[in-house]
Amino acid sequence: MKDALDALHDRLAPAEEIFFTWLTRVFVAATLAGSGWIDDAPPLDIAAMLVAIYVAVRVATQFGRLAAAAPLRHRALRAMFAVGALMVLGLSFLVVLTFVERLALSAVG
């Protein structure tokens, strides 16, 4: 049993590295985007959205790497794993963005 868990961990490690590397970048992009909305200054909004779009495009391009690093053997399951990881990254962006926006609204109001 321990050998099976070690083997799964070894197969999952590359996918974790990709996921958590991009998770921190997604958090930073969401914080910047949420912060850009605080002041309602158009240049800040534009800059924040450009950063968010850039990170979104870069995260989407990681699909192949995530699918290749998935700890599963079947091709369809690898694709589902990659889609799930991208969905979690996207939802993380929305959660942090909403949190920063609500925090700003509570501080202002």
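Me: Which helix does Ser92 lie in?

Reply: Ser92 lies in α4, where a helix is a DSSP run of H or I with at least four residues, a strand is a run of E with at least two, and both are numbered from the N terminus. The model is a predicted one, in which local features need pLDDT of at least 70 and side-chain atom pairs count only at pLDDT 80 or more, whereas totals for chains, interfaces and linings use all residues. Residues are numbered from 1 along each chain as its sequence is written, and side-chain values use heavy atoms, with hydrogens and water left out.

Me: Why does Ser92 count as buried?

Reply: Buried means under 20% relative accessible area, exposed means over 50%, and partly exposed is in between, with a 1.4 Å probe and protein chains only. Ser92 has 14% relative accessibility and therefore counts as buried. Leaving aside neighbours within four places in sequence, Ser92 is in contact (heavy atoms within 4.5 Å) with Leu23, Val26 and Phe27.

Me: Why does Leu94 count as partly exposed?

Reply: Leu94 also belongs to α4, but its relative accessibility is 46%, so it counts as partly exposed.

Me: What makes α1 roughly antiparallel to α2?

Reply: The two helices pack at an angle of about 160 degrees, with axes 8 Å apart; axes are lines fitted to C-alpha atoms, for helices over the stretch in contact, and angles run from 0 to 180 degrees between N-to-C directions. Angles under 35 degrees count as roughly parallel, over 145 as roughly antiparallel, 65 to 115 as roughly perpendicular and the rest as oblique, so α1 is roughly antiparallel to α2.

Me: What makes a set of residues a nonpolar core?

Reply: Such a core is a set of buried Ala, Val, Leu, Ile, Met, Phe, Trp, Tyr and Cys residues joined through side-chain atoms within 4.5 Å. The largest one here has 23 residues, and Val26, Ala33, Val59, Leu89 and Phe93 have the most contacts inside it. At least two of its residues come from each of α1 (2–38), α2 (42–60), α3 (63–69) and α4 (75–108), with α1 giving the most, 9 residues.
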